[in-house]
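I opened the model to look up a few points and note them in order. The entries follow.

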Amino acid sequence: MINFFIAYRPVFDLFLIHAGLAYSQYIVLRTGAFSVAVPGLAAIGAYCAAILTVRHGIHPFASVVVATAIGTLVSLLLSLPLARLRGVYQAIASLAFVQIVLSLNLYAQDLTGGAMGFTGIPKLVDTVALLAGLVVVFYVIASIDATRLGRSFDAIRQDEAVAASLGISVTGHQMVAFAVSGAIAGLFGALEAFHGYALEPNQFGFGLLITILTYVVFGGRRSVVGPLVGTAFLVALPEIARPMQENRLLVYGVLMIVVIAFLPRGVYDTLRDRLRHRRLAANNAARAPS
Amino acid sequence: MGRAWRVFAQRGMRVIAQQLLNGLVVGGVYALFALGFTLVFGIHKILNLAHGAVFMTGAFVALYSVNAGLPIWLAFLLAMTASGLLSVAIEIAAFRPLRGTGEAEFGAIISSIGANLVIITLAQRISETRVMRFPFGTFPVVIYEIFGLRVSMLQLFMAACALVLMLILTWYLYRTSFGRQVRAVSGNERAAVLLGINPNKVYFQTFFVSGALAGAAGVLVGLAFNSIHFMMGEPFLLRGFVVIILGGLGSIPGAMLAGLLFGMIQTLTVAYLPSGLTDTVIFAVLFLILLVRPNGLLGAEAAGHIGARR
């Protein structure tokens with residue numbers, strides 16, 4: 001068991017980091033905003049933490065806190081223009097934000113190391129710290145889900161006009177979601193910086209954006225557990241499919257098409273809904289004869 | 001002093017004009033790529049993220065046909081047909097099962113990423129991860145001089161191709177019965193079905209046209225930049241986003257205009273700004289335009305939308 005854990009530790013670490021970023025994406029989608037700014041926010045958090053600690057000698061813990069705060073702030077500022085846009089337009093505008101952050105990271109070589117990357121970051125974050133971070137994030141997300149805030153989010157996602165007519169402030173709630181998303185992205189960006197020795201601008205690009213969005217939609221974008229299931233499944237899949245060697249990505253692609261065709265709401269959400277339906281039907285059948 | 005300045009200014013003007021011309025040609029190709037993208041969005045309301053892979057397939061098919069000894073015009077037609085059919089296959093495999101589930105918007109993102117991955121992996125296997133080019137002389141290298149501007153025959157061919165294909169598309173959409181059906185389904189699918197239009201036939205056509213246009217763009221880019229590899233679709237997908245958003249999603253004239261505009265902005269920023277800032281400028285412009293006009297340049301949601309009457 002211990003051997004198994006040690007052998008797969010890098011995969012597990014990857015899962016923890018990506019699960020955190022997936023929650024950052026999830027909370028925005030939950031309010032019906034289609035913003036995909038997470039990689040840009042994570043990049044800001046990561047570079048901020050790395051620069052503060054390596055260049056200015058600030059205590060790593062303090063720089064993680066600062067990175068989280070800056071992630072929140074940038075995300076809040078970003079939510080102001082994005083609130084004017086809807087649907088795919090919002091997605092593309094936030095994609096533009098990610099690309100701007102990426103190209104500025106490449107351009108500002110003195111600050112970020114440019115395309116050569118930012119190196120010499122001490123490795124201070126291990127599996128336990130990542131796990132602790134994910135637990136905190138999960139707790140926050142689950143509490144939002146369990147309270148009035150979560151229900152307001154759901155109402156806005158399902159029908160903005162109805163939510164507004166019920167007295168729910170659409171812009172206000174989406175700003176809350178953006179702030180939470182920015183905090184999570186900043187936190188996990190900083191954790192990733194202290195986990196991997198080096199940062200490279202392109203690791204926070206279009207590829208990461210697609211990966212994270214896939215985790216959330218694949219697992220289920222409505223339930224709290226969905227992003228976790230999606231991340232676990234898609235991170236583990238290449239490892240499980242290792243015997244297929246160079247056909248791995250092929251299998252991965254085919255599986256994505258097939259799974260979403262049969263479970264269109266995502267793996268966890270569709271199965272949960274089906275189970276609920278079956279239970280309801282069974283209850284009704286039991287009640288009907290009497 | 002005055003004379004020297006005038007000569008300098010004239011030379012500067014000519015450089016700018018040359019850059020604008022180059023940008024116009026590249027922009028035509030962007031427009032071709034984006035037209036298929038925006039056509040599918042206008043009708044399906046989904047983003048087909050496998051569009052870049054279809055584009056790449058067009059270049060691959062043309063290259064392998066030319067290597068097999070076919071003339072370039074035949075290879076070009078073959079590439080358009082093959083990528084059209086591939087696009088239809090993607091529709092049947094990835095998008096059709098999602099229709100009617102109410103989850104098409106997000107589900108299509110996943111399944112088209114899946115399709116993209118499959119096609120790219122296959123292309124990587126076939127090409128053994130090489131960067132390939134058309135054999136020298138596939139397209140005659142002739143350079144004309146018009147009003148002091150240098151234009152190659154390839155550039156003229158690219159511009160002509162883009163123009164002709166755009167005209168054919170406009171004619172098809174606005175002047176034929178098929179086009180009317182396509183626009184009917186895009187406007188209101190339920191009403192169109194009640195009037196006896198078979199939506200699957202419409203989807204087949206739009207995906208074929210969209211794929212064929214992407215394939216044509218792929219061949220032209222392959223000819224012009226001589227760098228054909230399995231990842232060549234991704235940057236075009238990103239730029240395709242910019243173009244269709246600038247023009248207003250689902251708007252055909254918008255995509256054409258924005259494609260040309262984008263090509264010129266890109267060549268000008270490459271020529272006159274520090275190279276690292278090109279992307280920053282392009283995406284900042286996109287962001288600002290969206291703030292001022294949330295539905296794109298030509299987008300009062302319905303105006304110029306393919307569903308709208310012209």
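How much area is buried between chain A and chain B, and what percentage of it do carbon and sulfur atoms give? The model is a predicted one, and I read a buried area of about 3,800 Å² between chain A and chain B, with 78% of it from carbon and sulfur atoms.

Entry on the interface. I looked up which elements make up the side of chain A that touches chain B. Those that give two or more residues are α4 (60-82), α5 (87-107), α11 (206-219) and α13 (248-262) of chain A. I noted that α5(A) has the largest share, with 11 residues. By residue class, this side of chain A holds 28 nonpolar, 5 polar and 5 charged residues. Counting both partners, I find 38 residues of chain A and 45 residues of chain B in the contact.

Entry on polar links across the interface. I searched for salt bridges between chain A and chain B and the count is 0. For polar contacts, the rule finds 2 residue pairs across the interface of chain A and chain B, both at pLDDT 80 or more.

Entry on salt bridges elsewhere. Over all chains, I find 8 salt bridges in the whole structure. I looked up the one between A:R86 and A:E160, where the closest N and O atoms are 3.1 Å apart. A:R86 sits in the loop between α4 and α5 of chain A and A:E160 in helix α9 (residues 160-165) of chain A, so this pair ties together parts 74 residues apart in sequence.

Entry on a helix pair in chain A. I took helix α8 (residues 148-158) and helix α10 (residues 170-193) of chain A, whose axes come within 10 Å and cross at roughly 115°. The crossing of α8(A) and α10(A) is left-handed. Which residues of α8(A) meet α10(A)? I list A:L149, A:S152, A:F153 and A:I156 from α8(A), which meet A:V170, A:H173, A:Q174, A:V176 and A:A177 in α10(A). The contact of α8(A) with α10(A) divides into 6 nonpolar and 3 polar residues, with no charged ones.

Entry on backbone angles. I checked two residues for phi. A:Y197 has a positive phi of about 70° although it is not a glycine. I place A:Y197 in the loop between α10 and α11 of chain A. B:E128 is also a residue other than glycine with a positive phi, here near 50°. I find B:E128 in the loop between α4 (104-127) and β1 (143-146) of chain B.

Terms used. Residues are numbered from 1 along each chain as its sequence is written. Chains are lettered from A and ligands numbered from 1 in the order in which they are written. This is a predicted model: local features need pLDDT of at least 70, side-chain atom pairs count only at pLDDT 80 or more; totals for chains, interfaces and linings use all residues. Side-chain values use heavy atoms; hydrogens and water are left out. Contact means heavy atoms within 4.5 Å. Buried area is the accessible area (1.4 Å probe) that two parts lose on being put together, summed over both. A salt bridge is a side-chain nitrogen of Lys or Arg within 4 Å of a carboxyl oxygen of Asp or Glu. A polar contact is a pair of N or O atoms within 3.5 Å; within protein, one must be able to donate a hydrogen and the other to accept it, and residues adjacent in sequence count only if both atoms are side-chain atoms. Helices (H or I, at least four residues) and strands (E, at least two) are DSSP runs, numbered from the N terminus. Ala, Val, Leu, Ile, Met, Phe, Trp, Tyr, Cys and Pro count as nonpolar, Asp, Glu, Lys and Arg as charged, and the others, Gly among them, as polar. Axes are lines fitted to C-alpha atoms, for helices over the stretch in contact, and angles run from 0 to 180 degrees between N-to-C directions. A crossing is left-handed if the near helix is turned anticlockwise from the far one by less than a right angle, and right-handed if clockwise.
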